[in-house]
Amino acid sequence: MAGILADRAIRALFDEGRLKAEKALDGDQIQPASLDLRLGSKAFRVRASFLPGPSKRVADKLGHLSLHVIDLTEGAVLETGCVYIVPLIESVDLPQALSASANPKSSTGRLDIFTRVITDYAQEFDKIPAGYSGPLYLEISPKTFPVVVRRGSRLSQIRFREGQALLREDEMLQVHLSETLVASEKPVIAGSSIALSIDLKGTGPDGLIGYRGKRHSAVIDVDVKAAHDIYDFWEPLYSRGTNELILDPDEFYILVSREAVHVPPLYAAEMVPFDPLVGEFRVHYAGFFDPGFGHANAGGSGSRAVLEVRSHDVPFILDHGQIIGRLVYEHMRELPQALYGTGLGSNYQAQGLKLSKHFKSHT
């Protein structure tokens, strides 16, 4: 049966030796439709990002691209503007019927940490082809804030799929009519995606519409929750009645969708990270939405999509209600044992405009 593998099937991959790990799994590492990946004990600072290509292993490229090696055992700072390659604790031995894809975790994207999974012989980032057997590596490049990471830190996640799981346009329309995937009176469904628009009217009495990352900040420890003051790292942005926002080139913004998003239990969703048809900016580094996100029975009514936005090359004006991203939905192969938001360390269920878990709440 085609579809995304749920938590039970991911555990079975470990039992069958198709997934391997150098240390015991963390209790919340397996999510409803994904597996968190953990950093190993070394980070290789490299001259530039790379793909090994069809005839080389990642280790072969590291031999001449590595500038120095950083020990992550006790934790280390990864600086902005630098590129690091970290061997992961997990490795795979996929059967021919199973492929996988990776994405940054939500908290990773909200810190503007650019990550991509690489395999040996890879010609694409974040893609693990069917039948691949070997190690996994994570490319890490902090863009706005320097970060502290250590062996076991979890910055990326992986999904496993069998066959073609993507909903067709007609299927998505039917599911939307019965389940309301995006809370819009006139949903824009095209191809295999449904559109999301931006909220620039703001929330609360002050009309908060988002945050812009500050440069030259202190470091953020990716494994510590509620440790940092928001205003040391972020500039709040408020609506001034114009219902628009000018994105400055190469600045990083946290914004929010106008519509609530719903991922029913038998589906998984992913945001398309960049769509040149809607403007010269990248949206949502962390694209996975697990089954149960925004689902009423999992405590998620009204959950918005938080958007990590970065403009490229030129300033770009966003208007309230403008399409800013698209969601694609895929079939699950089976119902997960636990839905997003039901005790699995789900930090962003029922969210509105929300920064990552690393910052203290001011509410």
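The protein chain of this predicted model holds 5 helices and 26 strands (DSSP runs, H or I of at least four residues for helices, E of at least two for strands, numbered from the N terminus). Its radius of gyration is 20 Å, close to the 21 Å of the globule rule for 363 residues, so the chain is as compact as a globular protein of that length (C-alpha atoms; the rule is 2.2 Å times the number of residues to the power 0.38). Buried residues make up 55% of the 363 (buried, under 20% relative accessible area; exposed, over 50%; partly exposed, in between; 1.4 Å probe, protein chains only).

Residues are numbered from 1 along each chain as its sequence is written. Local features need pLDDT of at least 70, side-chain atom pairs count only at pLDDT 80 or more, totals for chains, interfaces and linings use all residues, and side-chain values use heavy atoms, without hydrogens and water.

The salt bridges number 23 (a side-chain nitrogen of Lys or Arg within 4 Å of a carboxyl oxygen of Asp or Glu). Glu22 pairs with Arg151 at 3.6 Å between the closest N and O atoms. These two residues lie 129 residues apart, Glu22 in the loop between β2 and β3, Arg151 in the loop between β12 and β13. Glu22 is exposed at 57% relative accessibility; Arg151 is partly exposed at 28%.

Asp26 and Arg154 form a salt bridge at 3.1 Å. The pair spans 128 residues, from the β2–β3 loop to strand β13. Asp26 is partly exposed, at 25%.

Asp248 meets Arg212 at 3.4 Å, N to O. Asp248 sits in the loop between β19 and β20, Arg212 in strand β16. Asp248 is partly exposed at 32%, whereas Arg212 is buried at 17%.
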